[in-house]
Amino acid sequence: MVGRVELSLLSSGLTKPVTAWWIALGFMIAIGGCQPAGPAKFQLNRVEALKQEKLNSAETGSIAANYGTQIETVLRELLGTPDEPRWPLLDGGDASEEPYASFVKRLQRTAGPVSSDLDGEHVGMYRAHCAHCHGVTGDGAGPTATALNPYPRDFRLGKFKFKSTPLRKPPTDEDLTRIIREGIPGTAMPSFRTLPDDDVSALVDYVKYLAMRGEFERRLWAEVAGLEGDPLIDIAGSTESATDEQRAAFKERLLELTEDFWFDEVAMRWEEPAEYITVPPPAPTSYAVEHEGHQALVDLGRQVFFGKANCLQCHGETGLGDGQTANYDDWTNEWIKTPGVDLAIKSTYRDFLAAGAMPPRPVRPRNLRHPIQRGGSLPNDLYRRIANGIEGTPMPSSPALSSDEIWALVAYVKQLPYEAK
Amino acid sequence: MNRFWGLFFLAVPLAAFGVSALAAWGWTPLAGFWLPANYSREGETIDQLFHLFHAVAAVVLLGTGLILAWSIYRFGNRDRTAAQYWPHHSVLEWVWTIIPAGILIFLALFQMESWNRSKAAHPEIEVAGQRLPQPPLVRVVAKRFGWEFHHAGPDGKLQTADDLYVENLLLLPAAEMVVLQLESSDVIHSFFVPGLRVKQDLVPGMKQKMWFEVREPVELEIICTELCGWGHYTMQAKLQAVTRAEYDRWVVEETNRRRPELAEVEQ
Amino acid sequence: MSHDPEHHPSLLGRIFSRDHKVIGLQFLFSSLIWMVVGGLLALAIRWQLAWPWSDMPIVGRWLFAAEGGQISPQFYNVLFTMHATIMVFFVMIPILAGAFGNYLIPLMIGARDMAFPTLNMLSYWVMWPAFACMIAAMVVPERGPDFGWTAYPPLAVLFGQSQALWMMGLLLVGVSSMMGSINYITTILQMRAPGLTMMRLPMTIWGMLITAILQAFALPVLTAAVVLQLSDRVMETGFFAPEGLVNEQGQTVVAGGQALLWQHLFWFYSHPAVYIMILPAMGMISDMLSCFSRKPLFGYRPMVFSMCAIAGMGFIVWGHHMFVSGMNYFLSVSFMVSTILIALPSGVKTFNWLATLWQGRLVFSAAMLYCLGFVSMFVIGGLSGVVMASPAIDIMVHDTYFIVAHFHYVLFGSSMFGVFAAIHYWYPKMFGRMMNETVGKLHFVLTFIFLNGTFFPMHFLGARGFPRRYADPYVVESFRDLLPLNQFITWCALGMAAAQILFAVNFLGSLVFGRRAVDNPWRANTLDWQTTSPPGHGNFAVEPVVYRGAYEYSVPGRAEDYWPQTEVPT
């Protein structure tokens, strides 16, 4: 501890990246050449734009060309940049008021460029730990994304698979925290167990920010598709040289959009997810392995698996996940359902790939003979998974099953990996 | 210039030895630049070997370095004196072959025992008068990019339904020999705990055993030291050594936590 | 047998020349260019380790615009993979065996050219497809070669076209080396000048001969291994892929192989390759030390025998790369013994070098300083090698920066210093002009200081257990306090890179502005100095006849302190 303080004093002048930058510049200029520098940018959702163009039979690229800059401006004015994220404030709100001020400050600390301050708090956690896969924009298209299976989550749909709330409800903070803390076994999502609690909760907030930003952007694209060429907003009002009148008009329209789409739709949906948590009822006593009726419960589970719940359709008779395997998840269905796209013919969707869509891969039903489940292996997790389904995937919710039947299924699934074949 | 170059080359062994010795001694500005604190039984021997080898290296470094520097200082640019025609010297050559050979063979033999204990001599337990290999306590499965630890459940056996699976947290009883079973589910990984001086590659398709004794309750870091892909650097886990009593309590607690809340007995 | 002043080849004939000197220089220039590339990659690695995830200067903005100039961990893996690949296969091996081997062997044994001049030409031009493959591997979309230069399967066979290209490149480098080594062995054994017996050969030639033999015997194994891994990738043969392996696309790989097999095959070549990268340098600096001490090389025969011993034992030590790999632990013991004992011939060589200096009359030319630097650094690199040879200690330091420190001391501190020395020493022969001595010495001093500043602290990192190949080691909480030390290392690395500008200026500038060199500026004995600088086509005007060994310096009773091998005894 003392040693490093002394050494950092020794090299305090040397540890400034900016000085090294200039020296390195000397070497690299020879092969790199001088390139225009630019800070990190949020990428526009070009897949969504293309989809809207196809849905509205508009010319390819027309909506993106007409509205791209406008949407970019709205997003930047309202939600900032990766280096300086913002959070919409109700009209008349005070930006310096707590907890808003510290909340925004924390978003900025999480999002900005990574800084390697030794003793200070961690800065830029998102780009140090998450952006490689999930991308700076949270579009699940970071540099490593194509190498991963399943693909990293695209936050912009606002859908999260493993949560304690029912379908179409957002996850709770605890759900997201758990994913970051424990990772998702069987995927490339690692567990960040060693990060400080404060960093994890800051990351949770930033992930929600990215998700809400993505939903908001998609909403705007849907909106502009119907405008038939009329401007969404006059971006002249956001420039330096704008007149007061233009500026006021811009601000007013921005507020309108914020009210209509952010507060009334996106933020509304994300309010208080904890109220919707599914609390599994107590399991039947025979759930305990040592209970004499346990085998009967497992047998009931097997009956439900093969009968009423029809699990075998996807998970297969052996539970190996080898039943139905031609389904896609919502992130892919988002665009492959667009008229004209035929997955058998690559040329029909090459434009989507060029716009940034990931090459489609069918979603694989889980191999239930593996003892570790992705969204948590505790009985309560499995109960919720069966009862609520998995958001964004073909795994449905099961309103028709009684709680005892679900518990029976849980008991059956839990013993599958160890069942004699 | 001979003085300058003599001193220049003299600086190499002196600086290298000086800095290393100060770091090993823990002199403040260089503290933390040597072996990290050790918490394992075998680690003590490994540390001693590390120091022994470095001591031998230091002697050779200083010896050759001083001779080099002196030769440069003394025999540099002697304008008037001719060099001595000295193409070989058999006695000298035998001396500096045989003495280092002796030292090297000693070092080689001396450290074998530690390696044997670390990797070859599987710990044994006595069951009903028979000495049997000690069964593994935890099954470690490495994957890109994390660690699965399947602790043996209350039945004390691995790969049964009561296994306690924990992601990236290895709980172990301290002050006793533990055996781990290592497997990899995809590429090659390596299980490394700097604080315990243990390292073992996990090769897919092979089952390795590893054993060590953590001396006292402590929390350490497990890291991966075989390149396993882009996320290699994120592949870390915690090792928590606790007392045996705490460990047993943890097994019970975890087993209970893995059960749902049960309905009241109805009958 | 003549010097051929009437030799006027066409332009194409000049480019695809079969003259060993032209080929040697072609190897020299392409290796030096690759060294710049490899060095810049090293700086990028150091950048990330000192200021993790901060924007990479200039190229960052250009290559990683979306992330604001921040590199991805995958790209970091590509950086160190390509740094090692380039430095080993495109710089060290070609510059030692290709450049100096080609240039010096016929000159030093008094031959007109190599035994197989066309094969020799091919050995250079087959490098170009290798260059193309490696560059292509780096720029293919999706994933560059990010599996480390050791390309351990299953990681390396999982996914992507880059691995196939990388393997092809490696295969071609092997073909080039094989052509070269056949040529060297034949030339040295068959084409020596009259009177030049094996025990009169300069150490440089011994170094080249033994290197060539090493390559000829070790390369087939690598080639076979590379073909196997290539077919694993392209044809899914599964030689190295274990049962049940799932690739990154989620498909089960056809398997049934053994991942460790690759490591054995790879290191069976790549450990001797370590000696391929140092034996020629050892030979060259032996010659230079003797010349600049004006004194015979001490213990010529032990020097030759210890070189043979290093080469011979070099074949049975590869297992020390695999102590903790899961290989048979009792086998490790035998590898440990051979590894520790290989320090013995290396030690004997060091003692002989020191004895060569003793009672000499040292001349501090730039080349001599690099040689002294070589000896000094080789001691440090060799001693850390002995430390790591103990498998018990290796448990702690395996795959940490201790290893990185060790092989950089040997490969940069020793081999590269040998190359610098050789360039300064043979420059007058190659180009007919002298390099600037002052700039050379300044370059030596700066490189030497920054070299130690860069690589010595890495021992400390390694002792702490700081792992190699980590894009961001500071995610591990206990390594966060090593950040300032890493920044210090990066500063030294930047300084070292800056010092190389001096070398580049000196090297290129002396081509034009260098003082004209006489035929034998260092007053050396060997045959290469007994012809014109630079030698014409055919090397020697009259076929040389050799009367004595290469190290007859300061022979008592002679007026001159050197005695060329060709001088007719009176």
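In this predicted model, Glu219(B) stands opposite Gln240(B), a residue of β12(B). Strand β11 (residues 218-224) of chain B and strand β12 (residues 236-242) of chain B run antiparallel and are joined by six bridges. Both strands belong to an open sheet of five strands in chain B, ordered β6-β12-β11-β8-β9, with mixed pairing. At its edges are β6 (169-173) and β9 (198-202) of chain B, each of which pairs on one side only, and neighbouring strands of this sheet are turned against each other by 20 degrees on average, direction ignored. Helix α5 (residues 244-257) of chain B lies across β6 and β12 of chain B and runs at about 130 degrees to β6(B).

A further set of pairings involves strand β4 (residues 146-151) of chain B, which is mostly covered, with six of its six residues buried. From β4(B), Gly146(B), Glu148(B) and His150(B) point one way, while Trp147(B), Phe149(B) and His151(B) point the other way. In a regular strand, side chains alternate between the two faces of the sheet.

| Partner strand | Sense | Bridges | Bridge partners |
|---|---|---|---|
| β5 (residues 164-167) of chain B | antiparallel | four | His151(B) and Leu164(B) |

Technical notes. Residues are numbered from 1 along each chain as its sequence is written. Chains are lettered from A and ligands numbered from 1 in the order in which they are written. This is a predicted model: local features need pLDDT of at least 70, side-chain atom pairs count only at pLDDT 80 or more; totals for chains, interfaces and linings use all residues. Two strands pair if DSSP finds at least two bridges between them. Helices (H or I, at least four residues) and strands (E, at least two) are DSSP runs, numbered from the N terminus. Axes are lines fitted to C-alpha atoms, for helices over the stretch in contact, and angles run from 0 to 180 degrees between N-to-C directions. Two residues are in contact if their C-beta atoms, placed from the backbone, lie within 7 Å. A residue is buried if 20 or more other C-beta atoms lie within 10 Å of its own, exposed if 12 or fewer, and partly exposed in between; C-beta atoms are placed from the backbone.
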